[in-house]
Amino acid sequence: MAEKAVFYHAGCPVCVDAEQRFAAALDAAKFDVEIVHLGEDKARLAEAETAGVKSVPAFVINGAVYHINHGADLSAFR
């Protein structure tokens, strides 16, 4: 069974590039990748914060947060 990987982003150029380079590069046989655009789905903001995401773009895989560069702080979505 594939491991869940959630990619949170804001739609900024850094985020879009990270989605294209990293999220798309994960082996679909190993990872079930869900893309969450926090600018469009603000209801998921609390979920991202609870998971430990501080800025986007970021992956959450098996409870671990992996921040990729620094596109935007989550506080910018409030």
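Ala64 lies in strand E4, residues 64-73 (helices, H or I with at least four residues, and strands, E with at least two, are DSSP runs numbered from the N terminus). The model is a predicted one, with local features needing pLDDT of at least 70 and side-chain atom pairs counting only at pLDDT 80 or more, while totals for chains, interfaces and linings use all residues. Residues are numbered from 1 along each chain as its sequence is written, and side-chain values use heavy atoms, leaving out hydrogens and water.

Ala64 comes out partly exposed at a relative accessible area of 26% (buried is under 20%, exposed over 50%, partly exposed in between, with a 1.4 Å probe and protein chains only). Its C-alpha atom sits 9.4 Å from that of Val53, eleven residues away along the chain.

As for the rings, one aromatic pair turns up (ring centres of Phe, Tyr or Trp, the latter by its six-membered ring, within 6.5 Å; planes under 30 degrees apart are stacked, over 60 edge-to-face, the rest tilted). Phe7 and Phe59 make a tilted pair, 4.9 Å centre to centre with 50° between the planes. Phe7 belongs to strand E1 (residues 3-9) and Phe59 to strand E3 (residues 55-61), so the pair ties together parts 52 residues apart in sequence. Both Phe7 and Phe59 are buried.

The largest nonpolar core has 15 residues (buried Ala, Val, Leu, Ile, Met, Phe, Trp, Tyr and Cys joined through side-chain atoms within 4.5 Å). E1, helix H2 (45-51) and E3 each give two or more residues to this core, with E3 giving the most, three. Apart from this core lies another, of seven residues, including Phe7 and Ile61.
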